[in-house]
Amino acid sequence: MRALVATAAAMALAAGLGAGAAVAAPTPPSEQDVRDAHRAVDDAERSVADIELRLAELSAQADAADLAVQQAGEAYTQAVADADAAEQEATEARQRSDEAARSAEEARRRLVTMAREMSRSGGSAELLQAMLSADGFEDVARRSSTLGRLTGKADEAVQEFRAAQLVAGTLSARADEAAVAAQDARQAAQSALDTAEQTQQQAEDALAAGAAERAELINRLAAARQTSADVERQRQDQLDAQRRERENAAARAAALNPPASTPSTPATGGTTPVDTGSSTGTGGATGDASADDGSSSGAPADTGSSGGGTTPPAGGTTTPPPPPVTRPTTPPPAPPSSGLGSGVSRGSAAAGQAAVQWATARVGSPYLWAGTGPDAFDCSGLTMRAWQAAGVNLNRTSRDQYKQVLKIPYDQLRPGDLVFWSSNPNDANAIYHVAMWAGNGQIVEAPKPGEVVRVVPMRWAGTMPFAGRP
């Protein structure tokens, strides 16, 4: 930019030469000319800085729009999974209700048969009519005088019918409630889909507007720098790539080298004995969890003698040791359910390789909201089907998959393991994406709407604290 000063001075000099070269010697630029040239350079530099700042903002806005789409997609997938579960529950509730209704009908038929037998053997015709009427069974159950005419066997049959009828009515009401809940869940899923599609459209509009503004800014930048738009576009792309690489490298270092955790005190049930004869006071209360023999470093605590206990005084009288002193202790907090080592792993390394092969064979398949194949997938649909093909069943959503699988550190990743991204690394319910580790620093994933299943380098930024092993 400082070259513009020389350019401005040269222009001023040329103007002076053109006006009076025939009559006078060249006139040097005035102080005002120099100040004007400096001002022009400063204005150009500020313009360039403003443009580059706006370009960085546009890049961040594009990332935010992409994140919003993935979060909306995960919310829809969760809503679909909830709706499927609600419909399954409604189906099972209706089946139980129908079974109870059949049991009640069988009990009614036994009563009818019993009433007919009583009538043939001289029993009360009035009782037969009550039993065969629409409200006869309730009438029989209510009227103790009529119930008293029945034999013990008939009494049991009536009680059995009453119980079956009560169960059938209860289960029928529950089935109706489950059906309403399933309908509500399906409507919620449709609403989530509408929101996801609207979010995607908004993101596409924002990205298109951002791309247009970026192109205009790059043209202005090229003019200010007296370069070409292609050169400036390449330069901005490189700056974006460098920024992402720095973020990715920092996130990778943090994931592979997590801070050392402070050893927790093992819970001992409220009070911890303190050996008052020990010079260090060590024991189960403050030692490492692995030192459950009461020592802090593998050596017995110093009790004041070489043989432990209390040395008897001369004369043979043994002084009993003092009773242990107890003090209240606070049990350590329970580890979170999604912490390191939580969850379950059922697959082998060979199964992981098989899952990767299945997933990579789907490269090029389109992304589909809540898709589970066979021709289109969302992120968790791809990982679920891949591991299902390898013999391991996974939960439907990326959030539930993280809660399900065994949490492992990133330096133990092997092909087939899962990596998760979240807007809050401390909250599994904020997870919005899952991919499968393919080895050699690569992942296979169904990324987002408009893209296809692909194998790409691992992105470390935004990942959960641990990977998962199905």
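Me: How do the residues of the lining of the second largest cavity divide into nonpolar, polar and charged?

Reply: Rolling a probe the size of a water molecule over the atoms shows where empty space is left. On a 1 Å grid over the protein atoms alone, a cavity is a set of points where a 1.4 Å probe fits but cannot get out, and lining residues have an atom within 4 Å of a point. Ala, Val, Leu, Ile, Met, Phe, Trp, Tyr, Cys and Pro count as nonpolar, Asp, Glu, Lys and Arg as charged, and the others, Gly among them, as polar. Here the lining holds five nonpolar, two polar and one charged. Val344, Arg346 and Pro470 are among its residues.

Me: What should I know about the model?

Reply: It is predicted: local features need pLDDT of at least 70, side-chain atom pairs count only at pLDDT 80 or more, and totals for chains, interfaces and linings use all residues. Residues are numbered from 1 along each chain as its sequence is written, and side-chain values use heavy atoms, with hydrogens and water left out.

Me: Which element gives the most to the lining of the largest cavity?

Reply: Helices (H or I, at least four residues) and strands (E, at least two) are DSSP runs, numbered from the N terminus. H2 leads, with four residues. Gln70 and Tyr432 are among the lining residues.

Me: What is the volume of the largest pocket?

Reply: A pocket is an open set with protein on both sides within 12 Å along at least five of seven lines. A volume is the space filled by probe spheres set on the points, which are joined across faces, edges and corners. The largest pocket has about 870 Å³. H7 gives six residues, the largest share of its lining.
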